Amino acid sequence: MTARTRTPLSIALAIVLVALAAFFGGRFQASAESRAAGAQELGDPDYGVCRGTSPKCYHDWGNFTPATDGYKVLLYTRTAGPRHADLGPALGTGLDPALTAANVVQNAVVKLGQDNGFTVDWTEDVTQLASAAQLFRYNAVIFYSTSRDTLDDSAQTSLRQYIRGGGGFVGIHNAFGTEYNWPWYEGLLGGANYYDHGPEQAGTVVTQDRHDSSTEGLPARWNFTDEWYNLVPAPSRVRLLATVDESTLPKGVTGSMGHPGHGKVHPVAWCQYYDGGRAWLTTLGHDAKDFATDGSFPGAEQYQKLILGGIESAMGRTPFCRAR
């Protein structure tokens, strides 16, 4: 068929075929490039709430009066699955149960509070989270290496109401291995979830944003040892605070279930406003030596500054998720 005999229909069909070839060819090339750079991050989860880096998502509804009540946080470390060794033995019921020397995380966070002028209560008793009224006694709630279904229905509801009323949330390490299949909680984590990790090993943390309260004063690069969580999905619509330089991991970044890592941007700390509240997150925090104070564990000092800044900003004591 010559150009003179082509019908309008055949011309339109030819245009469509060329466009489709370009589209799918481009998609294939983009996919190949994504695989080369790290894992693809599929989808655009929304979670149906206001979330992101704008303080317009925050609800300042007068539920906290630190000028008269001071600052107070609740540390929650209940595990309903694998338990990290730095948590020590499971705690007794109630609020502020007895601790042993092996409860490294609990002792360390309590000391952070003592040294920096805020009060820390600790518990693994889910009934202490049974109502929003209980949680509103605290300027922030910290989930540190909780695991699996660590909340019952009442605690899930009260946590959501607490956040919606302007509460602060700090999720550390295996907080990302908690409450799978609860979309709202995944959104609270920044639209992120734990998938797997490679060997525990030394690597270099890159401070991406040194203007935030949690990263102010940290060096641009600092050495640290961790499990370097791989995430599916990876955080989105958040302020990225720190990453790990995957090229510095001598044993590689591929996880136990095949995740190839995140390429040039492998997040390890970030912040966001979420559904009325503040959420500060880090995947770091695997080793009990993270709380060493004698210089024997590279990066321990920087890690402690990072989480202290995250806690204080989530409480509202310092500027939260501060822009440049």
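The link between Cys271 and Cys321 is right-handed, with 95° about the S-S bond. The pair joins distant parts of the chain, 50 residues apart. Cys271 lies in strand E11 (residues 267–274), and Cys321 sits in the segment after helix H7 (300–315). Helices (H or I, at least four residues) and strands (E, at least two) are DSSP runs, numbered from the N terminus. The structure is a predicted model, in which local features need pLDDT of at least 70, side-chain atom pairs count only at pLDDT 80 or more, and totals for chains, interfaces and linings use all residues. Residues are numbered from 1 along each chain as its sequence is written, and side-chain values use heavy atoms, with hydrogens and water left out.

The sulfur atoms of Cys271 and Cys321 are 2.1 Å apart and form a disulfide, defined as a pair of cysteine sulfur atoms within 2.5 Å. Cys271 has 0% relative accessibility and is therefore buried. Cys321 is also buried, at 4% relative accessible area. Buried means under 20% relative accessible area, exposed over 50%, and partly exposed in between (1.4 Å probe, protein chains only).

A disulfide also connects Cys50 and Cys57, with an S to S distance of 1.9 Å. The torsion about this S-S bond is about -70°, so the Cys50 and Cys57 disulfide is left-handed. Cys50 counts as partly exposed because its relative accessibility is 40%. Cys57 has 6% relative accessibility and so counts as buried.

The distance rule gives a count of two disulfides. With the bonded cysteines of the chain numbered in sequence order, the pairing reads 1-2, 3-4.
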